[in-house]
Amino acid sequence: MATAKSKAEKEYDDIPGTFVFDAERSRQGYHLNMFCMSLMKAENRKAFKENEAKYLDKFPLTPEQREAILKREYNRMLELGGNIYFTAKLGATDGHAFQHLAAVMTGSSQQAYADMMLNGGRSVEGNRSKSGGDQPKPAKAKAGKPTSKSKGKKRG
Amino acid sequence: MARIIAGVSSSHVPAIGAAIDNHRTNEPYWQRVFRGFERSKEWIAKAKPDVVIGVYNDHASAFSVEIIPTFALGTATEFGIADEGWGPRPVPVVKGHPELASHIAQSVILDEFDLTLCNKMEVDHGLTVPLNLMFGSPQEWPCPVIPLAVNVVQFPPPTGNRCFNLGRAIRKAVESYPEDLKVVIFGTGGMSHQISGPRAGLINSKFDHAFLDNLTKNPKKLAQMSHMEYMREAGAEGVEMVMWLIMRGALDEQVDEIYRFYTVPASNTAVGHIILENRRRVAGKAKPSPASKKPAAKIKRAAAGQKVHRIRS
């Protein structure tokens with residue numbers, strides 16, 4: 001059951017709402033991330049802010065990556081190979097606190113997101129797995145909860 | 001002879017650094033976090049390490065996506081503070097201990113851990129925030145720090161087991177260093193958190209408490225935990241807790257838990273902190289036994305239990 005394109009199915013694709021930054025995404029997002037990396041220099045931040053489109057011309061981005069950057073679509077950037085530690089530099093260049101980005105990625109307002117965190121964060125219950133509701137994939141019976149109350153012994 | 005006397009683990013949330021740098025530590029939100037480290041500062045002032053080995057991860061500061069070393073040991077005389085996008089943090093330059101670092105490098109590489117060695121490397125909040133939490137904000141850090149950067153940015157990071165065993169190799173290296181040095185090893189990062197994608201904000205306190213319990217009592221069990229399990233249970237970025245196992249591997253099988261602190265949240269993250277002391281205070285008494293199969297579960301909690309201070313907020 002292959003997922004998109006040539007991408008081999010990865011076990012971690014089963015984790016909901018998560019783009020795991022692996023070697024494949026790293027290759028795919030190389031220029032996107034290197035663009036973000038360039039924003040660590042003040043003069044580059046200035047040049048980018050003055051003319052975003054022109055600045056982006058310096059990087060061989062795909063049209064999709066370019067659009068995601070210009071529109072500040074943070075989840076899309078991750079999907080196209082961006083890594084959060086890199087895309088956070090774009091957020092910082094815009095003058096946003098990280099929680100702004102987190103709110104954008106989770107589709108909530110910054111206040112609602114901050115409140116969720118103050119109330120203990122997003123629960124893992126119901127957020128473990130796409131395939132099996134709250135349970136790990138059946139094929140991997142050993143991958144139970146790691147908590148002390150779990151029955152799951154890790155070495156089967 | 002050098003010896004590792006204790007291990008310290010702590011989250012290295014960048015927002016904690018920002019709170020320090022922007023003088024916001026007295027705000028109630030941040031007081032809750034910083035109060036948890038008051039005892040730790042007292043402890044380390046008494047412990048007076050001669051050297052700290054700081055295990056942390058770089059956050060696209062020294063390493064971009066061009067080169068991704070799994071383990072990078074800093075062998076330089078000093079390490080500059082990285083500009084993470086808003087200017088370098090106003091903290092002292094990190095002075096290294098090139099002699100001990102080179103000795104560790106030689107020893108662990110011959111022990112088959114293929115480190116990358118860095119004679120020039122800037123360090124970011126991953127290293128400097130835990131230094132602040134333990135030492136406050138002095139003009140100079142009170143002792144040399146050997147940075148050990150672990151890749152946890154691009155999947156896969158090293159396994160917990162590999163990290164644990166690297167810790168053992170580091171301990172062996174330290175104990176074969178002739179100078180009489182007291183070394184404390186920091187394992188940083190975590191605890192549960194996810195900062196990317198629609199699932200951002202994930203926190204799993206139950207997981208974190210179990211992790212802390214096992215870190216003291218049964219680290220070999222933790223060493224077997226898969227990356228999938230970390231990511232599923234503790235968030236995509238929670239996998240960085242493997243770095244705590246390098247610290248733990250460098251300690252005795254049996255340790256005393258001196259102190260523990262846990263709070264949610266600091267920005268997007270659960271903050272966890274633990275101090276573990278070796279019982280064996282004199283180096284060389286017990287041989288580190290890489291192949292030991294003794295169950296760590298035998299550890300008696302009592303000795304540690306009486307002394308341990310726990311704060312939860």
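This is a predicted model: local features need pLDDT of at least 70, side-chain atom pairs count only at pLDDT 80 or more; totals for chains, interfaces and linings use all residues.
**Stop 1: chain A as a whole**

Chain A has 156 residues, and 46% of them count as buried. Now think about contacts between residues with a separation of 6 or more: in chain A, 44% of these involve residues 24 or more positions apart.

**Stop 2: helix α9 of chain A**

Next, select residues 110–118 of chain A, which form helix α9. Which residues of this helix are buried? They are Tyr113(A), Ala114(A) and Met117(A). Turn the view until you look down the axis of α9(A): the buried residues fall within an arc of 100°, so they line one face of the helix.

Bring chain B back into view to see what these buried residues pack against. In chain A the partner is α8 (98–106), and in chain B the partners are β9 (255–266) and β10 (269–278). Before moving on, click on Gly120(A), which follows α9(A) and has a positive phi, near 105°.

**Stop 3: the largest pocket**

Keep both chains on screen and select Phe98(A), Pro14(B), Ala15(B), Ala18(B) and Trp86(B). Of the 41 residues that line the largest pocket, these lie nearest its centre. The elements giving two or more residues to the lining are α7 (84–93) and α8 of chain A, along with α1 (14–21) and α2 (28–34) of chain B.

How much space lies in this pocket? The volume is about 1100 Å³. If you colour the lining by class, you will have 18 nonpolar, 16 polar and 7 charged residues.

**Stop 4: a strand in chain B covered on both faces**

Select residues 71–74 of chain B, which make up strand β3. Phe71(B) and Leu73(B) are on one side, Ala72(B) and Gly74(B) are on the other, and all of them are buried. Both faces of the strand are therefore covered, with buried meaning under 20% relative accessible area.

Strand β7 (residues 145–150) runs antiparallel to β3(B), and 3 bridges join them; look for Ala72(B) with its bridge partner Ala149(B). The pairing of β3(B) with β6(B) is parallel, again through 3 bridges. There, Gly74(B) stands opposite Cys118(B).

**Stop 5**

Most residues other than glycine have a negative phi, and most peptide bonds are trans. With that in mind, here are some exceptions to click on.

- Select His23(B), in the loop between α1 and α2 of chain B. This residue is not a glycine, yet its phi is positive, about 55°. His23(B) is also exposed, with a relative accessible area of 72%.
- Select Glu112(B), in the loop between α4 (98–110) and β6 (116–118) of chain B. Its phi is near 80°, another positive value in a residue other than glycine. Glu112(B) counts as exposed, at 63% relative accessibility.
- Select Gly190(B) and Met191(B), which are joined by a cis peptide bond with omega about -5°. Met191(B) lies in the loop between β8 (182–188) and α7 (205–217) of chain B.
- Finish with Val264(B) and Pro265(B): the peptide bond from one to the other is cis, with omega near -10°. Pro265(B) is in strand β9 of chain B, one of the elements that the buried residues of α9(A) pack against.

Key:
Residues are numbered from 1 along each chain as its sequence is written. Chains are lettered from A and ligands numbered from 1 in the order in which they are written. Side-chain values use heavy atoms; hydrogens and water are left out. Buried means under 20% relative accessible area, exposed over 50%, partly exposed in between (1.4 Å probe, protein chains only). Helices (H or I, at least four residues) and strands (E, at least two) are DSSP runs, numbered from the N terminus. The arc is that of the directions from the helix axis to the C-beta atoms. Contact means heavy atoms within 4.5 Å. On a 1 Å grid over the protein atoms alone, a cavity is a set of points where a 1.4 Å probe fits but cannot get out, and a pocket is an open set with protein on both sides within 12 Å along at least five of seven lines; lining residues have an atom within 4 Å of a point. Grid points are joined across faces, edges and corners, and a volume is the space filled by probe spheres set on the points. Ala, Val, Leu, Ile, Met, Phe, Trp, Tyr, Cys and Pro count as nonpolar, Asp, Glu, Lys and Arg as charged, and the others, Gly among them, as polar. Two strands pair if DSSP finds at least two bridges between them.
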